[in-house]
Amino acid sequence: MDYQSKTGALDKQRGNCLVVGVFEKRKLSTAAADVDKASGGALKAVIQAGGMDGRTGQTRIVYQPEGLGVRQVLMVGLGEKKKWNVNAFREAITAAVNSMNDAGVRDAVFALAPEFPAADDSIYLGVRHTVEAAEAAAYRFEETKSKKAPAQPLKKVSCWYPERGDKAAADRGIRHGHGIATGQQYARELGNLPANVCTPTYLGQQAKKMARTHGKKLTAKVLNETDMKRLKMGSLLSVAKGSDEPAKFIVMEYKGTTRKRRPHVLVGKGLTFDTGGISLKPAPGMDEMKFDMCGGAGVFGAVKAAAEMELPIHLVGLVPATENHINGKANKPGDVVTSMSGQTVEILNTDAEGRLILNDALTYARRYDPAAVIDIATLTGACVIALGKHASGLMSKHDDLAEELLAAGETSHDRAWRLPLWDDYQSQLDTNFADMANVGGKEAGTITAGCFLSRYTEGMRWAHVDVAGTAWISGGGPQKGATGRPVPLLSQYLINQA
Ligand code: BES
Ligand code: MN
Ligand code: ZN
């Protein structure tokens, strides 16, 4: 879709459709009230006829209104004004886009940004969330379908702002919204691809391809298993050797500034399929373990978003990519491996493989002397139990970094919730046979996974984001699929570093 910013009187706007908001109990937004006046009460007429009360996501089309330059007005419900929040705003945009696509609308002017519920920067954020939600609503996964759905009609979206002085904010909202949406969509697409297509090799090729399309600022390097042996990544390689699919260690580097700045390093779990290994997973729902590379996809998406937004930052993305599979060489419970850090690990459960590939990637991250390291992983089923699909699990010993990430989640509407990473939990990883075990028993499984990773990040400013519950919508419904989270959260964090 094409986006542009627009100002000027609402009754002079041209095009197929003008979108305005109505709050619950039939309260017109400021823009809606203006349009209503200009059209001689066409909007109030719909409301009075009982057609609309403003519940979130309700839509009504007013055809051929008098006194306006557009052919239709789409009224969209914004919910209760007192409870007005980003959730409702995004829901309203989604409903508007769906309803216009149904109605065959090709271009639309959204007059919703001024209503965006934020203390400041509301035009910037309102426009940005409009673009992000519109892109998300239009996304369809079709790569592996033989028949593609017909193209959706809505092609052009104008984001309206009332004050001339807000043009820069609106344009920035479009640029950032588009960059974030592009990154998020890329993450969704990679996540949704089946594991027989999206292999570690495929991910490596994607990194190279992305680097090619973004010119000099973005480079990609793909290490193979021989390189990993040389680096002594014994933990990652122990998982890799259980699969016939060759593992890759993907390194992406974005230099958006010539100033010498310590990079932010993102590390994403790129487990392209998790069978569980010898500690085999049960059959129901195992197909969803193709999504076990969504942390890695999130890193691809965040790197893409940063490049699209041309952020003046230095960013490194690391994605250890492998399958967790069962062949004659697969890890066995009780095996002890030596990680790149020199620390040894007793593998008590081969299904706790994510931490076995992340630890070596975290050790590799040290060479960048990073300003911060953030790892993203679909790491524990326990996180889904604790937080469900609404919040990602955040763990860090660095309060300032944790606060920054939580705030980024709020602003971007891609929220996380912090869990404690107290040393009290560390002893759950004790074993007689190695420096640590790879599992810590059934209590606090998300936290003990974080504790495991913390042993590889001593001295670095580090945070861990468990996206097991948020990276995809599970089950059999029409919503099933990758969400592209936490690309918005990471993008916001990176915007704040620029
Ligand atoms: N990829 C899974 C975690 C997962 C499971 C994410 C279900 C989303 C939904 C991870 O590799 C795993 O299997 N973790 C184990 C750890 C356990 C053995 C300590 C888990 O959560 O069961
Ligand atoms: Mn597993
Ligand atoms: Zn896994």
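Along the sequence, the residues that donate to the zinc ion (ligand 3) follow the spacing K-x4-D-x17-D-x60-E. In this predicted model, local features need pLDDT of at least 70 and side-chain atom pairs count only at pLDDT 80 or more, while totals for chains, interfaces and linings use all residues. Residues are numbered from 1 along each chain as its sequence is written, chains are lettered from A and ligands numbered from 1 in the order in which they are written, and side-chain values use heavy atoms, with hydrogens and water left out.

Let us look at that zinc site. Lys269 (NZ), Asp274 (OD), Asp292 (OD) and Glu353 (OE) coordinate the zinc ion (ligand 3) at 2.0 to 2.4 Å. Donors here are N, O and S atoms within 2.8 Å of the metal (3.2 Å for Na, K and Ca); water is not among the atoms, so sites may look incomplete. The angles among the 6 donor atoms of the zinc ion (ligand 3) run from 79 to 175°, and the site is octahedral. Six donors count as octahedral if opposite donors are over 155 degrees apart and all others between 65 and 115; four count as square planar on those terms, or as tetrahedral if all angles lie between 85 and 135 degrees, and anything else is irregular. For six octahedral donors the ideal angles are 90 or 180 degrees.

Now move to the neighbouring metal: the manganese ion (ligand 2) lies 3.1 Å from the zinc ion (ligand 3), and Asp274 bridges the two. Asp274 sits in strand 11 (residues 270-274), whereas Glu353 is in the loop between strand 14 (344-347) and helix 10 (354-365), so this pair, 79 residues apart, links distant parts of the chain. Helices (H or I, at least four residues) and strands (E, at least two) are DSSP runs, numbered from the N terminus.

Asp351 is partly exposed, at 21%. Buried means under 20% relative accessible area, exposed over 50%, and partly exposed in between (1.4 Å probe, protein chains only).Next comes the largest pocket, which holds about 1,500 Å³ of space. A pocket is an open set of points, on a 1 Å grid over the protein atoms alone, with protein on both sides within 12 Å along at least five of seven lines; lining residues have an atom within 4 Å of a point. Its volume is the space filled by probe spheres set on the points. Of the 37 lining residues, Ala136, Arg188, Ile473, Gln479 and Thr483 lie nearest the centre of the largest pocket. Helix 3 contributes the most to this lining, with 5 residues. Domain 1 (2-162) and domain 2 (181-497) each give at least three residues to the lining of the largest pocket, the bounds coming from an automatic or database domain assignment.

Finally, helix 14 (residues 487-497) is mostly covered, with 10 of its 11 residues buried. Among them are Val487, Leu490 and Tyr493.

How values were computed:
On a 1 Å grid over the protein atoms alone, a cavity is a set of points where a 1.4 Å probe fits but cannot get out, and a pocket is an open set with protein on both sides within 12 Å along at least five of seven lines; lining residues have an atom within 4 Å of a point.
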